[in-house]
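Subject: Structure handover

Hello,

Here is the structure for you to look over. My notes follow below it.

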Amino acid sequence: MNSLSEIIAFLLISSLTLGAAIAAVGLRNIVHCGLSLAVFFVGVAGLYLLLGAEFIGFIQLLVYVGAVAVLIMFVILLTRPEDEAAKLPGLRWRQLPGVLIAAGVFLVIYLAIMRSPSLLRDVPEPAALSIQAVGEALVSGHLLALMAIGVLLTAALIGAALFAMEGEDGK
Amino acid sequence: MKNPLTLPGLGILKGMAVTARNLVGSYYGTKRLHTISYPEERLALPENSRNFPFLVYDGEDADGGLRCTACRICEKECPPQVITIVPERDENGKLTKHPTVFDIDLNACMSCQICVEVCPFESIKMDSAFEYSSFEHVESLVLHKSDLAKPNSYYHDIKPTEATAVDANLEAERQRKAEAAAKKEAALQAKKAAAAAKSAAADAEKTPPTPDTDASD
Amino acid sequence: MLPTETQPQTQRIRPALNFAARRPWCTLALLIAAALVVGTGVLFLLNLKAPGLLTAALMDALSDPGQAPVLLKQGLLNYLENGWSFAPWMLELTSIFMVIGTLLAVFGVIFALTSLVERKVLARIQNRFGPNRVGPWGLFQPLADAVKMLIKEDIVPTGADKVLHLLAPIIMLVPALLVLAILPYGPGMAPIELGVGILFFFALGATTEVGVFMAGWGSNNKYSLIGAMRSIAQMISYEIPLFLAALSVVMLSGSLSPDAIVSAQSGYAFSFVPHWFVFTPWGFAGFVLFFTAALAESNRSPFDLPEGESELVAGHMTEYSGFKYAVFFMAEYIGLLGICGFAVALFLGGWHAPLPWLEWIPGYLWFFIKLYSLVLLAIWVRGTVPRMRGDHLMGFAWKFMIPMGFAIILAAAVWHYAGGGVLGWVASAVIVLMPYLALGRVVSIQYPASRRVYRFSES
């Protein structure tokens, strides 16, 4: 059973994550939304760390907060509307039925999961995945996926460079 | 033809060697660190530097030895009118050639040196002292006679060539005056002697001749 | 009140201030004596609670200087357990706070000292004294700086985003401080022994960029925004060579933990050359790459385009005054200290001594000696080179450093698989040297150091 400190940590991190997610869709200023998204990513990284997946947790920080969030900020900056006063509509009362339906769906799924028999079985905790194991799996079992990702990233890089060059020459 | 062997970073290393030499050399000698730590050390001012005027006095008496005769020419010629002079009068109301009050307001003095140029008695000269900073305008930056009076030896200290020239001038002036006085004296004496001789001659003429004496008897 | 009339508060302490100003050495001696007296009194009173345990802690620490901080902490915890009957959770909490307090105190002092040392070394390089008025040799200058920053008015521009403007310095400072927690200061003396320490460090570096963006955007100032964009672009570009250089080290030591990496550099070859990675051809190149990228990550000269005063006032820090600026300043310096600490752990053998007969000096002292040498190197470089131009900066990162990084990884692999023979060393050196010369030629052709040609002027 989880210890008290683990429960407190989980409650704190999950409330932070949920709050950031709600803020990311609910805030008016779009830059604030983008930054709450970054906080959300940090919260998810915290959850990964709570589960003991250190590698994934820090990679989440590195990739999502360090790259994706910054990318989103750049995008928001470059595609800003001309007048700064354009703000997103905040939470409105007319969104209440939607919230109720979402809550209903959540309730149904929750009950379905909690009452399923597979949860009642005692599943042993999975072994902590060491970096060694991840690395070995990547280059032996999942080599094809690794190569494919490399090709994809190279293509993206070339595309970005092409875009930048086109802008200069006016082609 | 471009040098095929470019070593990136070599230039930076050479630069770092130069900087290191500067760093180490700044601890030895003044070639690489010639800052003068004012106020512990001071740079010697050149002779012709001038800041504000001061009054010269000869001898030991700071008041009586003042060369100034309160002629008030500098007061009239000063463009910002910062000099204030009140001459001294004796008990009969006659002007003695001495100032009671001699004030210079440093707040407005513009160091133009006109007062020095017009003074006929070589009594006001330019000082090079500059450390007059204070918190008040009037109490500290209006200099009175006692603040302004400085001995001739000080003048020699700060401006030796000028001071010697001034001394030579004054000496020559004194010599000339002495000679003129002596000549006048001699002329006076000669005149007196001539007058005496003349009266003696006149007396000699007035006396009667010795053979003709009166026969009344 | 006129400036010449003094406030009533200062009237009361004016005599003491006058004394301190006229007789600084005397005041210092008096303060030290007072501190000693009060300290001894407090220690004596504390000792009464559990007699002998405090002295036992001290003796333990002195008996093994290499582990002195750890033994001291354990001794103090022992005293607290017996003398004040702390519960286990209280002991844990106290232990954590002791470590945090020590780290903050040590690095606070180093930060203050570094800000002064930088100014004085830069000044000596530039043929002038540095600050030397405030204390003997200007030692109290950081104190004066701190007071100045604290009493300045905190100006927030009217159109600025208040939340962003406030949070940005905090978000920049926290990752810098977190990096200090995983550095291996001595054998078994890393405050947190993370198995993925390197990853943690890079993740924190990435998080700093968000803080920079918040600072630039939240200031409602186009120069701040441009400075923030430049800073982020620079940081992202130079993170890749940082990764690649660290990757070669991680490859060869087989672990992401700084502790393991430091342990992999123990021992001596020929009984006097240490096994540090910097003494291998790929390690030397990797160290130079890492150090250059570290300078770029901390926005230091010659990569200080984002905060070049002649260009953008202070870049993303333009609209910050007072304490927030002090926090930015601190974040920059402590970030530099952290990344130099990492360079020490990865390439310079961490807490290992350079020569066998110098091993009596404790490991943590060696760590700080090496750390400070790197900081002095950074200051030296700052005083030597001018600022890099924006396009030169990015070109250098992408066209020179990243290919060099790949070459270094290849060289490291060749060195490892050759098994330590001379051929391995030579091959590794060649694999590093060839791209260095080739890329050098490419970069010097593309960015020639030639006389500037003005398109529209005659001469």
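**Chain A against chain C**

Where chain A meets chain C, 16 residues of chain A are in contact with 15 residues of chain C. This is a predicted model, so please read everything here as computed. On the chain A side, helix 2 (30-50) and helix 3 (54-78) each supply at least two residues. Helix 3 of chain A gives the largest share, 12 residues. By class, the chain A side has 14 nonpolar residues, 1 polar and 1 charged.

Of the 2 pairs of chains that touch, A and C have the most contacts. Chains A and B do not touch. Their nearest C-alpha atoms are 26 Å apart.

**Chain C against chain B**

Here 17 residues of chain C are in contact with 16 residues of chain B. Three elements of chain C give two or more residues each to this side: helix 5 (88-125), helix 14 (363-384) and helix 16 (422-446). Helix 16 of chain C provides the largest share, with 5 residues. The chain C side divides into 8 nonpolar, 6 polar and 3 charged residues.

**Chain C as a whole**

Chain C has 16 helices and 2 strands. Its C-alpha atoms fill a box of roughly 70 × 65 × 45 Å along the principal axes. Of the 459 residues in chain C, 38% are buried. Take the contacts in chain C with a separation of 6 or more: 73% of them join residues 24 or more positions apart.

**Helix pairs in chain C**

Start with helix 11 (residues 281-297) and helix 16 of chain C. They pack at an angle of about 30°, with their axes 8 Å apart. That angle makes helix 11 of chain C roughly parallel to helix 16 of chain C. Helix 11 of chain C brings C:P281, C:W282 and C:A285 to the contact. Helix 16 of chain C brings C:W425, C:S428, C:A429 and C:V432. The residues of this contact divide into 6 nonpolar and 1 polar, with no charged. Helix 16 of chain C is also the element that gives 5 residues to the side touching chain B.

Next, helix 4 (residues 68-83) and helix 5 of chain C. Their axes come within 11 Å and cross at roughly 145°. The crossing is right-handed. From helix 4 of chain C come C:K73, C:L77, C:L80 and C:E81. They meet C:L91, C:T94, C:S95 and C:M98 in helix 5 of chain C. This contact divides into 4 nonpolar, 2 polar and 2 charged residues. Helix 5 of chain C is another of the elements on the side that touches chain B.

**A loop proline in chain C**

C:P362 sits in the loop between helix 13 (323-347) and helix 14 of chain C. Is C:P362 buried or exposed? C:P362 has 21 C-beta neighbours inside 10 Å, so it counts as buried; the cut-off is 20 or more. Leaving out residues up to four places away in sequence, C:P362 touches C:P65, C:G66, C:A68 and C:G186. C:P362 and C:H352 are 10 residues apart in sequence, and their C-alpha atoms are 9.0 Å apart in space.

**The sheets in chain B**

One open sheet in chain B has 3 strands in the order 4-1-6, with mixed pairing. Strand 4 (124-126) and strand 6 (149-151) of chain B stand at the edges. Each has a single partner strand, so one side of each is left without a neighbour in the sheet. The twist averages 50° from one strand to the next. Strand 1 (residues 53-57) and strand 6 of chain B pair in the parallel sense over 3 bridges. In strand 6 of chain B, B:P151 is the bridge partner of B:Y57.

Another open sheet in chain B also has 3 strands, in the order 2-3-5, and its pairing is antiparallel. Strand 2 (83-89) and strand 5 (142-143) of chain B are the edge strands, each pairing on one side only. Strand 3 (residues 95-105) and strand 5 of chain B run antiparallel and are joined by 2 bridges. The bridge partner of B:D105 is B:V142 in strand 5 of chain B.

Best wishes

How values were computed:
Residues numbered from 1 in each chain as written. Chains lettered and ligands numbered in written order. Predicted model: local features only at pLDDT ≥ 70, side-chain atom pairs only at ≥ 80, totals over all residues. Contact = placed C-beta atoms within 7 Å. Helix = DSSP H or I, 4+ residues; strand = E, 2+ residues; numbered from the N terminus. Nonpolar A, V, L, I, M, F, W, Y, C, P; charged D, E, K, R; others polar. Buried ≥ 20, exposed ≤ 12 C-beta atoms within 10 Å, placed from the backbone. Axes fitted to C-alpha atoms, helices over the stretch in contact; angles between N-to-C directions. Left-handed = near helix turned anticlockwise from the far one by under 90°. Pairing = 2+ DSSP bridges. Parallel < 35°, antiparallel > 145°, perpendicular 65-115°, else oblique.
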